Amino acid sequence: MAIYLDDVSRTFGEYLLIPGLTTKQCTPNNVSLKTPLVKFKKGETPAIELNIPFVSAIMQSVSDSGLAIALARNGGLSFIFGSQPIESQAEMVRKVKKFKAGFVTSDSNITPENTLADVLALVKRTGHTTMGVTHDGTPNGRLLGMVTSRDYRAEKDPLDKKVKDFMTPFAKLTVGTLGISLSDANQIIWEHKLNTLPIIDKDQNLAYFVFRKDYDSHKDNPKELLNPRDKKLLVGAGINTRDYKERVPALVDAGVDVLCVDSSDGFSEWQRETIEWIKREYDGKVLVGGGNVVDQEGFNFLVEAGADFVKVGIGGGSICITREQKGIGRGQATAVIDVAAARDKYFKETGVYVPICSDGGIVHDYHMVLALAMGADFLMMGRYFARFDESPTKRLVVGGTYVKEYWGEGSNRAHNWQRYDMGGSESLKFEEGVDSYVPYAGKLKDNLDVTLGKIQSTMCSCGATSIHDLQQHAKITLVSSTSIVEGGAHDVILKEHN
């Protein structure tokens, strides 16, 4: 007969944190949000530690190179979506690894033979008014000049006017040489009153731009997640259990720091074979996480396969309808609590700590603290990051409100049949995700700073100055439906705000 579990499948919204003693040391500035990303032995340091406990979801509508750069600059990490051709995913990884704080690869480039019409079209498409004029129009072609909005008058100049007739030629540019430090580049910008400093190599090929406007932003990113050896941003990538023998080598060659098998249900022989192949092929040196699972048995299965972290959650994402379609899953809070117990038991028995990632079920910011207190080492989020400027989707106006598109990897729009470890034909028989909109929220950093501030303040109220302290000492209580009502504004007439 079937096995029945005694516990109720619960969500984060059914719990509250009980305050602990807030000591004089418990101030937000003293709260560390550093957390391990991958497994490590007792007494050792993990190969990768996050500076904030956030990673972005392996989704087309969330994690491209743009969001990966922005999140890594703020202390987290993105897993670039794998439901795309191998070459384009590897190129996204490469783009993140090439990024240097303050040194920006030019995304808008043109040739001297192009016209003003081409320039205006490029501005409309990218939003960039500064562009490099290279011999072949590529980001790293030989630099022949620059074009900014001050070089032409769109309303008066003829649209067929050649770029070479109005660009600022190379001879009149002030440039820096590849290898220059950011501080020296900024010094040149200030001395010459420049808005943009091109950085070229010994053959006059364009390497980067350094912008005056970015000067302050570099000082505002003390939590940047960097490789200590080469000071490059860290980036992850999602893979599937079908083409991993071709995809993984391309991603490793592009410089990826960590992989994650993207599957709606990771408790499968296909996922075990994928992880074991990676560990065997690369002598254990390529880091790879597995998932998703919702119980101790699933956790132990993936750890024995060699997973460097385990992702927890089935059906809890805002666009996921797996539970509705298949009746498969578990309340996210219950799943995290159960898997965290398995992780702690495994650590006690073996001395190896395997971090767990809570994926899904986050509605409010305080749910993030609950997930961490219940045992999650870090959180994977999709909807949260999809709202920001840096996510890859379009900003639209729907019903008079700015929104961004957001769709699940289990939707037909994603065409991501590879994430379902079920064998069979190359198509989705039914959807496990929806196509939707999320309210537009602006810049990642502005929103992230608010969220992290809330987390740190809540941890102080719990008497914790680290995630480990929170997990060891947090007091958590179940709540009734009436106490949930009590927790919001009630029994008052709210004022209307214009």
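This report covers the overall make-up of a predicted model, its largest pocket and helix 8.

## Basis

The model is predicted: local features need pLDDT of at least 70 and side-chain atom pairs pLDDT 80 or more, while totals for chains, interfaces and linings use all residues. Residues are numbered from 1 along each chain as its sequence is written, and side-chain values use heavy atoms, without hydrogens or water.

## Overall make-up

The protein has 15 helices and 24 strands, taken as DSSP runs (H or I, at least four residues, for helices; E, at least two, for strands) and numbered from the N terminus. Of its 498 residues, 51% are buried, that is, under 20% relative accessible area with a 1.4 Å probe, protein chains only.

Among contacts (heavy atoms within 4.5 Å) with a separation of 6 or more, 65% join residues 24 or more positions apart.

## Largest pocket

A pocket here is an open set of points on a 1 Å grid over the protein atoms alone, with protein on both sides within 12 Å along at least five of seven lines; lining residues have an atom within 4 Å of a point. The lining of the largest pocket comprises 41 residues, and Gly66, Val104, Asp107, His128 and Glu390 lie nearest the centre.

Helix 1 gives the largest share of this lining, five residues. Other elements that each supply at least two include helix 3 (116-126), strand 13 (206-211) and helix 13 (444-461).

## Helix 8

Helix 8 spans residues 296-305, and its buried residues are Gly298, Phe299, Phe301, Leu302, Val303 and Ala305. Their cover includes helix 7 (269-281), strand 16 (288-293) and helix 10 (332-350). Gly306 follows helix 8 and has a positive phi, near 115 degrees.

Notes. Buried < 20%, exposed > 50% of the residue type's maximum accessible area, 1.4 Å probe, protein only. 1 Å grid on protein atoms, 1.4 Å probe; cavity = no way out; pocket = protein on both sides within 12 Å on 5 of 7 lines; lining within 4 Å. Points joined across faces, edges and corners; volume = space filled by probe spheres on them.
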